[in-house]
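Hi,

Here is the model I said I would pass on.

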Amino acid sequence: MSKFSLPFENVSRRNLLKLGVGAGVMGPLTLGATAAKAVKTNAHIVIVGAGAGGTSMASRLTRALNGAKITVIDSRERHYYQPGWTLVASGVWDKSKTISDTQDWMPSSVNWIKGMVAEYDPDNNQVVLETGDSVDYDYLIVATGLQLRYERIEGMDTNLIGQGKGVGSVYAGVDHAERTNEEISRWIDSGQGTGLFNLPPTALKCAGAPLKMTFTTLSRLEDTGQRDNFNVEFMTPSGNLFGVPFYNDFVKQRFSDQGVKRNDFWTLKAIDADAKKATYHVQGQRTGEASSGHYTTGGEEEQVREWEETKDYDFIHVVPPMTAPDSLLNSPLVNQEGESFATWMKVDRETLQNPEYPNVWGIGDVMGMPSNKTAASVKMQAQVLEQNFVAALQDQPLPARHNGYTSCPLITSIGKAMLVEFGWNGELLPSFSFIDPKEESWTVWVMKERMLRPAYYAMLEGKI
């Protein structure tokens, strides 16, 4: 057990039994079309990506269909439980708890091509691999996830993480999450200094992760009894911290209570790791305080001022800009400039079907829609996609609609969390009557630390 692991005695046993394996947080437990008789088809279905979404769909369609040829394309030999990376970077988990083999979750009947797609050609129903080989399909499911764009931050390289230069990032990989914990520990052990925590100017997966890293670090700093020796600042490009108003206000108030200086409309542009300096593009008043993004003179609003500002740091948590993979960005499958969620995969947000190529579907982080870049989102999307996909194979109306369900167990300190569940327009969609979605609790912490991983693996197998 890690030094931060917590016992179950502080949590109601009855409530833990109600939680089961945490399936509620991953969405209601339903088997969808897999509970019905398998549909006969000789269709060739290509799934691009063997992450949470691709693997879940491979498992579900293997059971839902009889006679289909299912091909999964992905070069990754390892499968990572990415929701656990914040626990690794916070010193709560060993990284081994998040690592398994891709083969462990791949249905034996699936044809697994260990390569990567370089080009999509939906007009000819084929994808082109990096080797130059093409793969034809009858139906395509895009489950690639997204691309981390560290190169858009000048001077940033993931090789800097864990090298004693104060650079951390939970997103770069599980090894980097472990090194991020080491960097945080070094900073804490130094007894003083400034930590800078950031949000990117783009959509991002697990939008709560930058907040979780800030809160768990604050918890560790407070445990030293020397919190006042540390300066903690949080940078937001938009002025917002969370997409749901209640939680946005909650985090702002908590940051204020815990002495975190918030810098709104600050976007990380460059770092100098040797000098431990970060350069930001700033919009608003040149006051150094959180600003509204515009300023007034003589009672009249004037144009937003923009400038660059450099800050010294002892630790910096870098969250890179994120986009769809290059192969998709250069394809006709993405939203174009001027459309909502430009450059992300175009899908109907309720049916998950591409409106221009009806034999193409999406799932997971790659899709252009509000929020919905979490493992819990994938769980709900997989149910919708399976039902609609099977209906489409039979030329039937699409029966299922995605309600935008997203879940984030928002860690507020080591030992407490809030169960954030919401849908379109930020509507709260709580799963448990005994958990107040607006209160922190030990129960949700235990759910996050102990129960969600088994539920995630059951999702990969298409069982929930």
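**The parallel sheet**

Five strands make up an open sheet with parallel pairing, in the order β13-β22-β14-β15-β16. The edges are held by β13 (167–168) and β16 (260–264), each with a single partner strand, so one side of each has no neighbour in the sheet. On terms: helices (H or I, at least four residues) and strands (E, at least two) are DSSP runs, numbered from the N terminus, and two strands count as paired if DSSP finds at least two bridges between them. Within the sheet, β14 (residues 193–198) and β22 (residues 315–317) are joined by three bridges in the parallel sense. Gly 195 sits opposite Phe 315 in β22.

Before the rest, some housekeeping. This is a predicted model, where local features need pLDDT of at least 70 and side-chain atom pairs count only at pLDDT 80 or more, while totals for chains, interfaces and linings use all residues. Residues are numbered from 1 along each chain as its sequence is written, and side-chain values use heavy atoms, with hydrogens and water left out.

**Two hairpins that share β9**

β8 (residues 117–121) pairs with β9 (residues 126–129) in the antiparallel sense over four bridges, and Val 117 has Leu 129 as its bridge partner in β9. This hairpin has four residues between the strands, and Asn 125 takes a positive phi near 55 degrees there. β9 also pairs with β10 (residues 134–136), again in the antiparallel sense, over three bridges.

**The core**

The largest nonpolar core has 140 residues, and those with the most contacts inside it are Leu 140, Ile 141, Val 167, Ile 316 and Phe 389. Helix α10 (residues 442–460) gives the most to this core, with 12 residues. A nonpolar core here is a set of buried Ala, Val, Leu, Ile, Met, Phe, Trp, Tyr and Cys residues joined through side-chain atoms within 4.5 Å. Buried means under 20% relative accessible area, exposed over 50%, and partly exposed in between (1.4 Å probe, protein chains only).

What does Leu 140 touch, not counting residues up to four places away in sequence? Its contacts (heavy atoms within 4.5 Å) are Val 46, Val 48, Tyr 120, Val 127, Leu 333, Asn 359, Val 360 and Trp 361.

Is Ala 58 buried or exposed? At 0% relative accessibility, Ala 58 counts as buried; its place is in helix α2 (residues 52–64). Leaving aside neighbours within four places in sequence, Ala 58 is in contact with Ile 47, Ile 70, Val 72, Pro 107 and Val 110. Ala 58 and Met 106 lie 48 residues apart in sequence but 7.4 Å apart in space, C-alpha to C-alpha.

Lys 69 belongs to strand β4 (residues 69–73) and is partly exposed, at a relative accessible area of 46%. Beyond four places in sequence, Lys 69 touches Ala 43, His 44, Ile 45 and Asn 111.

On a 1 Å grid over the protein atoms alone, a cavity is a set of points where a 1.4 Å probe fits but cannot get out, and a pocket is an open set with protein on both sides within 12 Å along at least five of seven lines; lining residues have an atom within 4 Å of a point. Grid points are joined across faces, edges and corners, and a volume is the space filled by probe spheres set on the points.

The largest cavity has a volume of about 50 Å³, and its lining includes Ile 153, Asn 198 and Pro 321.

The second largest pocket holds about 740 Å³ of space. Of its 34 lining residues, Leu 204, Ala 207, Phe 242, Gly 243 and Ser 371 are the closest to its centre.

Ser 371 has another point to check: a positive phi of about 50 degrees, although it is not a glycine. Ser 371 sits in the loop between β24 and α9 (375–393) and is partly exposed, with a relative accessible area of 40%.

Cheers
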